Amino acid sequence: GIHFDKVYCGSLLRQQETASAISQDVIAHVAALDELDYGPWEGLTDDEIRAQWPQEFENWDKKGIWPYRLFGMSFEHKKDLIQKWVNQIVSNQDQTVLAVSSGGIIRLFLSLIPEIWNNIDFKK
């Protein structure tokens with residue numbers, strides 16, 4: 001029963017299909033929601049990543065701290081994309097929006113909002 005004035009998603013087909021399954025409203029691709037380039041972590045399991053980069057994985061997994069020199073894009077660049085997109089949304093405060101992305105982007109978004117991030121129970 002929720003009407004979305006605007007639906008945003010990343011460029012991956014699964015993100016677009018998920019957005020379409022939820023809402024038939026206008027779907028707009030935004031780079032802020034694109035999947036992260038995990039660099040050497042790409043395609044590895046959590047256990048494999050943890051074995052090779054234990055501290056970086058722990059920091060990313062539990063604290064949302066960007067693993068510099070590993071991911072394909074700098075934190076500053078991705079944060080800038082997110083900030084510009086969020087500013088655009090905030091300028092249209094009367095709209096209800098839906099954002100469809102992937103786990104890494106959601107983790108990054110949440111880590112930028114301390115009031116939410118600090119209350120997440122990662123044990124669940």
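**Exercise 1.** Is Lys84 buried or exposed, and what is its relative accessible area?

*Solution.* Before starting, note that this is a predicted model, where local features need pLDDT of at least 70 and side-chain atom pairs count only at pLDDT 80 or more, while totals for chains, interfaces and linings use all residues. Residues are numbered from 1 along each chain as its sequence is written, and side-chain values use heavy atoms, leaving out hydrogens and water.

Step 1: recall the cut-offs: buried means under 20% relative accessible area, exposed over 50%, partly exposed in between (1.4 Å probe, protein chains only).
Step 2: Lys84 has a relative accessible area of 54%, so Lys84 is exposed.

**Exercise 2.** Which residue forms a salt bridge with Lys84?

*Solution.* Step 1: a salt bridge is a side-chain nitrogen of Lys or Arg within 4 Å of a carboxyl oxygen of Asp or Glu.
Step 1: the partner is Asp80, with the closest N and O atoms 3.2 Å apart.
Step 2: Asp80 and Lys84 sit 4 residues apart in helix α4 (residues 75-90), so about one helical turn separates them. Helices here are DSSP runs of H or I with at least four residues, and strands are runs of E with at least two, numbered from the N terminus.
Step 3: Asp80 is partly exposed, at 35%.

**Exercise 3.** In what order do the 3 strands of the open sheet lie?

*Solution.* Step 1: two strands pair if DSSP finds at least two bridges between them.
Step 1: the order is β2-β1-β3, with parallel pairing.
Step 2: β2 (27-29) and β3 (97-100) are the edge strands, each pairing on one side only.
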